[in-house]
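Please read these notes with the model open beside them.

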Amino acid sequence: QVQLVESGGGLVQPGGSLRLSCAASGSIFSIDVMGWYRQAPGKERELVATISSGGTTNYADSVKGRFTVSRDNAKNTVYLQMNSLKPEDTAVYYCNANRVATTTAYGRNYWGKGTLVTVSS
């Protein structure tokens, strides 16, 4: 069984920075794509950023130039550096691991439980 555990959320003032981390654990051989999604109150979950095992990144237009996604393949960990935060970035941020290869399965998609980011003065 694969588990994703996020950390690093919290309260920050507009213009501030936060760094989220997500570690995947379990009998993992590889993870094709890792990334972050977010869900604000009353809204649907949306893509924030993803990164492939080869380092190819993809960002939502709303965070380009402010957020940076990175990963450590050896540690099965993905990070999200968030700078110049805005109140509209307030949401629960979810970690995602897609097309995961384990000792018993391949191709499954996993989600973390989420970490709350609140941007407010």
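1. Buried means under 20% relative accessible area, exposed means over 50%, and partly exposed covers what lies in between (1.4 Å probe, protein chains only). By this rule, both Cys22 and Cys95 are buried. The model is predicted, so local features need pLDDT of at least 70 and side-chain atom pairs count only at pLDDT 80 or more, while totals for chains, interfaces and linings use all residues. Residues are numbered from 1 along each chain as its sequence is written, and side-chain values use heavy atoms, with hydrogens and water left out.

2. The disulfide. A disulfide is counted when a pair of cysteine sulfur atoms lies within 2.5 Å. The structure holds 1 disulfide, and it joins Cys22 to Cys95 with an S to S distance of 2.0 Å. Cys22 belongs to strand 3 and Cys95 to strand 9, so the link ties together parts that are 73 residues apart in sequence. The angle about the S-S bond is -80 degrees, which makes the link of Cys22 and Cys95 left-handed. In general terms, a disulfide is a covalent bond between the sulfur atoms of two cysteines.

3. The core. A nonpolar core is a set of buried Ala, Val, Leu, Ile, Met, Phe, Trp, Tyr and Cys residues joined through side-chain atoms within 4.5 Å. The largest one here has 32 residues, and Trp36, Leu80, Met82 and Tyr93 have the most contacts inside it. Strands are DSSP runs of E with at least two residues, and helices are runs of H or I with at least four; both are numbered from the N terminus. Among the elements that give two or more residues to this core are strand 3 (18–25), strand 4 (28–39), strand 8 (77–82) and strand 9 (91–102). Strand 9 supplies the largest share, 5 residues.

4. Is strand 9 largely enclosed or left open by the rest of the structure? It is largely enclosed, because 9 of its 12 residues are buried. Two strands pair if DSSP finds at least two bridges between them. Strand 4 and strand 9 run antiparallel and are joined by 10 bridges; Ile31 has Val100 in strand 9 as its bridge partner. Strand 9 also runs antiparallel to strand 11, with 3 bridges between them, and there the partner of Val92 is Leu116. A further antiparallel pairing, over 4 bridges, is with strand 10 (residues 106–111), where Ala97 stands opposite Tyr110. A hairpin of 3 residues joins strand 9 to strand 10.

5. Strand 7 is joined to strand 8 by 6 bridges, and Phe67 has Met82 in strand 8 as its bridge partner.

6. The salt bridges. A salt bridge is a side-chain nitrogen of Lys or Arg within 4 Å of a carboxyl oxygen of Asp or Glu. The whole structure has 5 of them, and Arg38, Glu46, Arg66 and Asp89 are linked in a network. Glu46 meets Arg38 at 2.7 Å, N to O. Glu46 is partly exposed at 36% relative accessible area, whereas Arg38 is buried at 5%. Arg38 also forms a salt bridge with Asp89, the closest N and O atoms being 3.0 Å apart. This pair links distant parts of the chain, since Arg38 is in strand 4 and Asp89 in the loop between strand 8 and strand 9, 51 residues apart. Asp89 counts as buried at 1% relative accessibility. Asp89 forms another salt bridge with Arg66, at 2.7 Å between the closest N and O atoms. Both Asp89 and Arg66 are buried.

7. Thr50 lies in strand 5 and is buried, with a relative accessible area of 14%. Contact means heavy atoms within 4.5 Å. Not counting residues up to four places away in sequence, Thr50 touches residues including Val33, Tyr37, Asn58 and Val69.
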